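I opened the model today and kept notes on what I looked up. The entries follow in the order I made them.

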Amino acid sequence: MDAVPCAAVDAAVVTWLRWSWRSLTSMRTALLLLLLLAVAAVPGSVFPQRETDPARVQQYLEAHPAAGVWLDRLGFFNVYRSPWFAAVYLLLFLSLIGCVLPRSIEHARALRSLPPRAPSRLSRLSAHTLAHIPASRPAEAVESVAGWLRTRRWRVRVADDGSWLSAERGYLRETGNLLFHTALLLLVVGVGIGQGTGAEGRVVMPVGGSFSNSLVQYDDFRSGPFFDRASLQPFTVSLSKFDVSFEREGTQRGAPRKFDAYVTVRETFGAAPNKHLIRVNHPLAVGGTKVYLTSHGYAPRFTVRDKAGTVVWQDYSVFAPEGANLISRGAVKVPDSRPQLGFQGVFAPTALVDPVRGLTSVFPDLDNPRVFMGAFSGDLGLDQGTPQNVFSLDTSRMTRLGISPLRVGETWTLPDGDGSITFDGVTRWASFVVATDHAEGVVLGGALLAILGLLLSLFVPRRRVFLRVVPGRQPAAPGRDDVEVPEDGSGGATTTPLHSAVTASDPGDSVRPVAAGAAVQAGAFEYDGALPVPSEEAAGGLVLVELAGLVRSGADTLAEDIRAAVQAAGGVLVAQRGADDVVEIDGSVTHI
């Protein structure tokens with residue numbers, strides 16, 4: 001009794017699984033998932049990302065404490081590694097596989113198969129031509145047209161009795177579609193390989209600073225699960241000069257014009273130094289690792305002394321830039337002073353003190369550098385093991401001492417003799433991303449393959465053409481079958497009305513006739529008149545040749561091909577439809 005319900009449930013589950021798989025692997029689903037992936041990537045451009053700019057992420061969290069916590073939990077600050085982005089990515093991968101493989105197998109079968117048989121009523125197709133040839137040459141005419149088509153790379157099929165032929169071309173159109181979708185699959189695979197086997201680190205260097213390719217030297221480092229961290233190439237990079245220029249006139253004032261990082265590289269420890277120039281989109285390549293220039297800013301230099309006048313801190317402090325004019329914020333933490341000192345600063349490369357907004361910058365270059373420093377004393381919280389933002393100061397356990405503006409060379413003595421801070425100068429810093437990606441070639445190949453497939457699918461038309469030889473017959477009048485051409489030897493011309501209305505059809509669809517008097521559509525015409533048919537000639541009578549074509553695109557071109565094929569067969573053109581809806585009768589042309 002329980003066997004029947006269980007079997008029914010199993011059948012329902014199988015049916016549901018088949019429906020799910022067919023839905024997932026349909027072209028519509030693949031396109032929707034591709035669109036969804038593009039939409040899912042939008043937050044990666046709207047919100048700052050930890051992989052590229054952790055300082056801005058921290059600033060966003062501090063400025064939006066309520067919304068920032070939820071955005072962080074949902075992965076909006078690490079979009080490309082979030083579970084929901086990976087889910088869309090995986091579904092797109094499965095959909096492309098299920099979509100491309102069956103179509104590729106079907107396309108391979110179509111390439112090996114012969115063109116279809118010629119239809120019996122060619123007049124219903126979208127481009128149609130009638131011609132007469134001497135009755136002694138029908139087989140020669142068919143072979144002539146077949147040879148003419150083969151020279152133009154048509155796939156040709158000729159009937160065993162030579163009474164008809166069919167030809168087709170344009171399979172590269174479907175090949176292009178498959179190449180495009182295969183390229184998308186290759187891109188997905190390449191990105192997955194890169195994420196799994198690659199690594200990416202971020203390092204900030206002031207001018208005069210250096211960096212060694214080891215984990216302890218990175219400000220931030222992320223790698224895939226299959227990356228061997230022991231395989232890091234031991235090179236060293238020193239930033240000797242950072243050349244920056246900005247537009248100073250016109251509506252583009254302040255726009256960046258040049259970022260050139262002059263570096264000295266040692267590819268292995270102890271190797272001879274080599275000089276290189278790193279620019280935006282022109283990275284430094286060292287073996288399989290590339291060093292990209294990503295951002296820049298300013299690093300003011302300070303000297304901090306304690307109550308006794310002893311120097312307890314002297315170095316450059318990297319400030320995080322904000323806005324186009326590079327107003328920058330940063331912190332100086334002095335844990336060796338007693339009590340511990342901390343400074344929160346705002347730096348302006350071209351300073352202007354606004355009565356309402358305070359210190360602002362009106363230009364991104366160093367025209368009038370100035371810094372406002374706020375001093376605090378107490379516990380910096382560095383001994384608790386909790387990570388801190390290097391650009392901000394935790395003042396929850398500190399006492400505010402005051403705030404003071406400083407120009408280069410000025411010193412501020414802290415209240416109550418707790419020490420002093422001197423603004424020694426300012427230099428530039430550059431941010432570099434050091435990336436190891438083993439799938440760059442796969443991604444590049446996928447991109448080129450996608451372009452090639454798109455070009456083939458857009459510019460290669462799909463065409464079919466058919467020819468049929470009908471001895472001793474003439475075109476049919478509307479509403480009745482073909483009739484015999486009189487062979488009485490009278491030498492006169494027999495005429496019969498020709499009235500047809502046709503419409504173009506896709507090669508995969510059935511051909512549908514249109515009733516007489518119906519509206520004329522693209523690639524079709526309606527003609528009502530007398531079609532002269534030459535009578536028998538002394539050379540052995542005449543044979544009616546019909547050529548017709550079925551097209552996806554390029555109907556005018558196909559009509560010209562058919563016309564040329566008739567001439568190649570030695571035929572006398574009687575009527576043609578398809579190229580600008582023209583009918584030619586005994587040399588006279590009528591535009592419909």
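Entry 1, Asp 416. I looked up the accessibility of Asp 416 and got 74% in relative terms. The cut-off for exposed is over 50%, so Asp 416 counts as exposed. I note here that this is a predicted model, and I read my values with that in mind. Asp 416 sits in the loop that connects β20 (411-413) with β21 (420-436). I then checked its backbone and found phi near 65°, which is positive although the residue is not a glycine. I wrote that down because most residues other than glycine have a negative phi.

I found another positive phi in a residue other than glycine: Asn 281 has phi near 70°. Where is Asn 281 found? I located Asn 281 in the loop between β9 and β10 (284-286). Is Asn 281 buried or exposed? Its relative accessibility is 67%, so I put Asn 281 down as exposed.

I looked at the bond that runs from Arg 338 to Pro 339 and found it cis, omega being near 0°. I marked the bond because most peptide bonds are trans. Pro 339 belongs to the loop between β14 (327-334) and β15 (340-348).

Entry 4, an open sheet. I traced four strands that form an open sheet, and I read their order as β5-β7-β8-β9 with antiparallel pairing. Which strands are at the edges? I found β5 (210-212) and β9 (274-279) there, each pairing on one side only.

I then went through the pairs. β5 and strand β7 (residues 236-246) run antiparallel and are joined by three bridges. In this pair I picked out Phe 211, which stands opposite Val 237 in β7. How many bridges join β7 to strand β8 (residues 256-266)? I counted 10, and these two strands also run antiparallel. Here I noted Val 244, whose bridge partner in β8 is Phe 259. For β8 and β9 I found six bridges, again in the antiparallel sense. Tyr 262 has Leu 277 of β9 opposite it.

I looked up how helix α2 (residues 27-40) packs on helix α6 (residues 83-112), and the angle is about 155° with the axes 9 Å apart. Angles over 145 degrees count as roughly antiparallel, so α2 is roughly antiparallel to α6. I recorded the crossing of α2 and α6 as left-handed.

Next I listed the residues that meet. On the α2 side they include Met 27, Ala 30, Leu 33 and Leu 37. On the α6 side I noted, among them, Trp 84, Phe 85, Tyr 89, Cys 99 and Arg 103. I sorted the residues of this contact into 15 nonpolar, two polar and one charged.

I stayed with helix α6, where Ala 110 is found. What does Ala 110 touch, not counting residues up to four places away in sequence? I found Arg 155 and Tyr 171. Ala 110 and Tyr 171 are 61 residues apart along the chain, and I get 8.7 Å between their C-alpha atoms. The relative accessible area of Ala 110 is 22%.

Notes. Residues are numbered from 1 along each chain as its sequence is written. This is a predicted model: local features need pLDDT of at least 70, side-chain atom pairs count only at pLDDT 80 or more; totals for chains, interfaces and linings use all residues. Side-chain values use heavy atoms; hydrogens and water are left out. Axes are lines fitted to C-alpha atoms, for helices over the stretch in contact, and angles run from 0 to 180 degrees between N-to-C directions. Angles under 35 degrees count as roughly parallel, over 145 as roughly antiparallel, 65 to 115 as roughly perpendicular and the rest as oblique. A crossing is left-handed if the near helix is turned anticlockwise from the far one by less than a right angle, and right-handed if clockwise. Contact means heavy atoms within 4.5 Å. Ala, Val, Leu, Ile, Met, Phe, Trp, Tyr, Cys and Pro count as nonpolar, Asp, Glu, Lys and Arg as charged, and the others, Gly among them, as polar. Two strands pair if DSSP finds at least two bridges between them. Buried means under 20% relative accessible area, exposed over 50%, partly exposed in between (1.4 Å probe, protein chains only).
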